[in-house]
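Thanks for coming. Please have the coordinates open.

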Amino acid sequence: MAVPTHALVDDLIRLFGSRRVLADPAALTAYAIDAGIYKISPRAVVLIESDADVDRILAYGRDRRIPLTARSGGTNLTGSAIGEGIVVDFSRLRRLREVNARERWARVEPGMVYAELNRDLAPSKLKFAPDPSSGEMCKLGGMLANNSAGPRSLKYGAVKDNVLSLDVRLWNGTRLVAKPYRVGSPECNELFLRVPAVHGLYELIRAHREAILSRRLAVSKNSSGYNLFALAEGLDRGVLDLPRLFIGSEGTLGLITEATLRLTPLPEATATALFFFASLSEVTKAVAALRPFAPSALELIDGHTLDLIGRARFGIPGGTKAVLLVEFDEPPAAERMAEADAACRGLTQTAPAALAADPERQAALWAVRKAIYPTLYRYDAKRHPVNFVDDVVVPSDRLAELIAYLETLFDAQGIKVAIYGHIGDGNAHINPLLDLTDPVDFDRMASLSREIHRTVIERFGGSLCGEHGDGRVRAEFLRALYGPELYELFIQTKALFDPERLLNPGVKLSDTPFTERVDIERLSKPCATCGKCNSVCPVYDVLREESNSSRGWFHVLTAPDYSYENSARVVEACINCKSCVEVCPAGIDVSRHALARRAEHPNAAAGWIARALLRPAVFEPALKVLAVTQPFWDRPLPRRIIETVTRPFFARLAPTARLPRELRLPRLATRTLRERHARLTEESGQRGSVAYFHGCSANYFNDGVGDAVINLLARRGMGPVLPRQRCSGTPIQTYGQTKPLMEAARFNLDALEPFDTVVTGCASCTMMLKDYPSLFNGGEQVRARALAGKVRHITEILAEGSEQQETRDAETVVTYHSSCHLRAAGVSKEPRDVLKCLPGMRYVEMADADRCAGGAGTFLVKNYDLSQQIFERKRRGIAASGAGVVATSCPACMIRLRAGLGDDVRVAHVAQLADEAERARPAPRIDST
């Protein structure tokens, strides 16, 4: 009898604790999806943190006969990271356990993000070579499950070619070290006795060797079915190659807790060429001509895709039917590229190849490939790319033929489609644009899937997938691909290792039509569910679970059955850093959805503060009292008392909110910026075309930022006016207070309208002023747009005409923390350019410069402990940079940085450093003769 859900959750909490078991509506909504097209709600989610946790969840699932679905990044395109029972999330099992640089291997846990793994390996000048395009967010567990590859698999192979061994837990709790075993060795014989499933597999392969090898596909890349082919070939050499069985098995045969990876040296240099061909047949000839030069990547993009992404954007001639992107990393890479170019000159090209050896120019050439997915999601409001025939493989010399067939097929139905892929491996990615809410398009999807997969099998002798896995979307076609005899061997393999069918049922082996459980409602939304937003979400970076992630939040907040009562923790969790919108293919700002939901339930305590903030006559005298007395109350004992006394009030802001006694507070100004520069204020009669919108921090904190901005503007003949102003509204909006937000925005709109230029020094103010058009309609929106166009951060002005200094011998090293809100306002390069021009300073780019530091306005107070955890990544980046000065462009970020760094490193605004540099310059000499 099935265990009732409430009893199941109680059981799991007893086993793992309440913080690692998720079963509330928000969590179940977030974990019901991955990057595929399906929706399946689990009964509960368990967050794995150790190998022992895996043993416990397997025992529980086995005893209660509850299915288990392994999940790490949830970036799978086929629905294999979702399931009806318990989702086992490995995201917190994410350590790099050991690296042996001399022998070139590493032991890694499955929850580690691929990109972070290679960043950690970079100091050893090594990398894990498979490079899926989802590398910034996919995790090792999913890469192992799918046998991931990527553009450079042409040279380096897929995951299966780069794994030495796996640590696997079988359904019955047995620990299996899956590595190549010499058949007949004492070690292998002992394994057969200890793990009967492995011995059964050995006998199965041996008995059906000829049948297995006769069905091996004549393609260079294949992840469909179980890889019994490699096992049969291994036995011919006297080796039982167990890693090949589990890699690509999509969590259906065992749960992987560790992988020992083969590492590859980083290339000394690379070179990239972009060829423009007049026909697909010329591409085939080009591939044959290029192979002798050992390219590391051969990427094809067809003409339909070029039309979708916009040829003019990338300088692609109109007559081009396909482009070929080629990378070389064998030394000397630049010479190989030149020779390859010469070898292709006899082919019909619409323009000379674009060649690049420097990193910046190479990145520009790769931009055409990277632009495909984002463009597809913004191309049509209703029709989105749908992944259902996304990963077919044919013999590489027939890929151009396949693409010609596909173009004809989709043209006949009037369907826009992007076709691109790894031509060196014969691997094509096919993304038709469909509106699945339209029954006609839904039926088209079903018929196209069957037509294309049948053609790939029968006409081309190809595979259903090369690197994305079978999952649910291709499972029904496996029998047709391999025939009934081999399919039966797959079923027997599954029965050996998972006789109760508890591990990811419905994935890989299933007769269920792929059209069942398609999430039409979600697919009507702009979100790609790709998980790119999770890769930059600071909350997810710490908590590593989907209901505390940008992707999860979006789908909870936009769910048809959304209610604040069931989702309040999600509504309040987003810190409004805006990082998600920068990387989202569809340009979704998840924080905007969270803020809209908060506005439906505004925080009353925040309302009191907002109303006071908008009444300077009341607010400023109180703040001055605090400023004058700060030397007395900002000490350990009084701060301890203050923290205790203020807890009830802060609890009204959030259950986690407090004013920690250990938090380093900014110095309050006994005289505001407006008082110190009274002659520049609008009320004193100052007039001009340039306004300085100083915001709250520069006015009320004694941090020197406002003074530096005024000095810098004055030296440039832009003597500013300090106009009447109110808070820009960012902190007010954060707590859902719409009425005071609109009051402040309208006041500022009126006050700033007369000026030609509005200069800011605060990142949040910059972003908010530029975002005013989203608050208004009609004539007010027109005025708000005009204001947004006049707003300039001080670094934008400083960067104009600045020249980089020769600073290699400078003693002071400066790095830059990039404020999230300033990036959201479109300002990223300028602050760095300013720092590179400062005399006496050597600029270094820190790791994770663009990651949130955890300040996020008042978040430092709203959830101090989580803010501290978010800051840890930033602290490591600063320490690794060796910088003695950390510059930023936002006063709020300065508070967070100083609170986390103490006095070890100087924290300063870019404007302060620029002002100091200008004041230190010798006055120009005047020739008296």
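Glu203 has a relative accessibility of 31%, so it counts as partly exposed; buried means under 20% relative accessible area, exposed over 50%, and partly exposed in between, with a 1.4 Å probe and protein chains only. This is a predicted model, in which local features need pLDDT of at least 70 and side-chain atom pairs count only at pLDDT 80 or more, while totals for chains, interfaces and linings use all residues. Residues are numbered from 1 along each chain as its sequence is written, and side-chain values use heavy atoms, with hydrogens and water left out.

Glu203 forms a salt bridge with Arg206, at 3.2 Å from N to O. The term requires a side-chain nitrogen of Lys or Arg within 4 Å of a carboxyl oxygen of Asp or Glu. Both residues sit in helix α8 (residues 196-207), 3 residues apart, which is about one helical turn. Helices here are DSSP runs of H or I, at least four residues, strands are E runs of at least two, and both are numbered from the N terminus.

Next, Asp541 and Arg873 pair at 2.7 Å, N to O. Asp541 is in α22 (residues 538-543) and Arg873 in α41 (residues 864-881), so this bridge ties together parts 332 residues apart in sequence. Both Asp541 and Arg873 are buried. The structure holds 94 salt bridges.

Now the helix. In α14 (residues 333-343), the residues Ala333, Met337, Ala340 and Asp341 are buried. Down the axis of α14 they fall within an arc of 100°, so they line one face; the arc is taken over directions from the helix axis to the C-beta atoms.
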